[in-house]
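Please open the model in your viewer and keep the selection panel at hand. The stops below follow one another in order.

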Amino acid sequence: MRKYYCMNPIAQVGLDNFSKNYIKTDEITEAEGILVRSASMHDMELPDGLLAVARAGAGVNNIPLEKCAEKGIVVFNTPGANANGVKELVIAGMLLASRDVVSGINWVKENQEDENIAKDAEKAKKKFAGTEVMGKRLGIIGLGAIGVKVANVARHLGMEVLGYDPYVSVDAAWKLSRDVRHVLDVNEIYEQCDYITIHVPLMDSTKNMISAEAISRMKDGVILLNFARDLLVDEEAVLDGITAGKIRRYVSDFPNPVTAGKPGCIVIPHLGASTEESEENCAVMAVRQLQEYLENGNILHSVNFPDCDMGVCTAESRVVIFHKNIANMIAKFSSVLGWNNLNIANMMNKSKGDVAYTMVDLESSVSGSIVNQLKTIDGVFRVRVVK
Ligand SMILES: NC(=O)C1=CN([C@@H]2O[C@H](COP(=O)(O)OP(=O)(O)OC[C@H]3O[C@@H](n4cnc5c(N)ncnc54)[C@H](O)[C@@H]3O)[C@@H](O)[C@H]2O)C=CC1
Ligand SMILES: O=C(O)C(=O)COP(=O)(O)O
């Protein structure tokens, strides 16, 4: 029986994809697989028997990716599975920032005992008047699963759309409306747009990318939307920008003491992916990827190892090796197997950055001693007998 542990509640529809050989455990040290959403794994000890972590969602800044790679723990995410949920909330955020719906609703609540509320509302409403999005210019930073969807909807709302993404994938480019202007310098977005929305992952290279300097370049009265991660934005500089009238509104999906309850900030409690559909899509994808890896050693949508798929093993055994992406590793593996008289039926090697993954199907079974010989090769992180 294989055991998995859930660090956050995971949609049952997804968990139902596990075959009857799987059981949920409350004891993390027993788990071969972990399912997680936003819970932080940075300070936890990774159990020795842990083989994989599946993030039911997109952002993996809550997971120690390098530490996992060095231990041969595969980390998956579920690209695009919650993108529609986020897109819809970004559009809602854009409208909430344009029309003062939030203050208007609060006014109604505050005046609920007023018998003349209908008449008084007609007088009060001028305080809550807003602007329309049609004809305005929207800048999108990050044209991935979410950015592309936001861009395409914004075009349908009659907005002019500028997109910036130096690493845009071919797949994303295919999906992007041809009316979106692809800019090569992010400053064009800062300097020309009425609305700016950011959809990049949080990494060392993107932390604080919306800096005080970036804000200083923006148009007066800009509306800034952040449904990606709070640390991407210098939020103290945002508050200064709001006070100075530079920023009209800051919409964020990430409450923290800097922005919660502050004038000009519309802060949502991280609801971007909290829809039935997104939660189910992510859970189904995460469980399928995890199960495929645990059973066959095949990797799809990993963020710390290369994708690698040899299908179902029809040979006698399958061994997978996690190792550094350095010269001569395959030669060393085949020498060990050759000395031990093991014939390779099929093999595959893929690399990603500094790490690599080798799958080997063999015509006879592998002993513990052979596994140990493979493990002692310099540069090997982990050896796993899948079959
Ligand atoms: N609020 C919420 O509930 C959710 C938030 N997110 C956040 O949104 C982020 C984006 O999600 P997806 O679109 O699904 O990811 P994605 O991986 O499909 O797209 C990210 C895009 O950012 C681009 N990028 C990376 N560095 C960049 C840079 N320096 N400048 C411009 N573009 C850059 C990449 O090339 C890629 O196209 C996630 O990493 C996560 O942090 C994602 C899902 C839900
Ligand atoms: O997928 C992401 O990156 C998200 O931010 C969604 O987070 P959640 O799964 O709702 O905790």
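Domain bounds here come from an automatic or database domain assignment. Select domain 1 (1-82 + 274-305), domain 2 (84-94 + 132-267) and domain 3 (309-387) in turn. The C-alpha centres of domain 1 and domain 3 are 24 Å apart. Between these two, eleven residues of domain 1 are in contact with 15 residues of domain 3, contact being C-beta atoms, placed from the backbone, within 7 Å. The side of domain 1 that touches domain 3 comprises five nonpolar, four polar and two charged residues. Ala, Val, Leu, Ile, Met, Phe, Trp, Tyr, Cys and Pro count as nonpolar, Asp, Glu, Lys and Arg as charged, and the others, Gly among them, as polar.

This is a predicted model, in which local features need pLDDT of at least 70 and side-chain atom pairs count only at pLDDT 80 or more, while totals for chains, interfaces and linings use all residues. Residues are numbered from 1 along each chain as its sequence is written, and chains are lettered from A and ligands numbered from 1 in the order in which they are written. The average pLDDT (the predictor's confidence in each residue, from 0 to 100) is 98 for the chain.

Next, select ligand 1. It is surrounded by 33 residues, the closest being Gly59, Gly142, Gly144, Pro201 and Gly272; a residue is near if its C-beta atom, placed from the backbone, lies within 6 Å. This shell contains 19 nonpolar, eleven polar and three charged residues. Domain 1 and domain 2 each contribute at least three residues to the shell around ligand 1.

Finally, select ligand 2. The residues around ligand 2 include Arg37, Asn82 and His270. Its shell divides into two nonpolar, seven polar and one charged.
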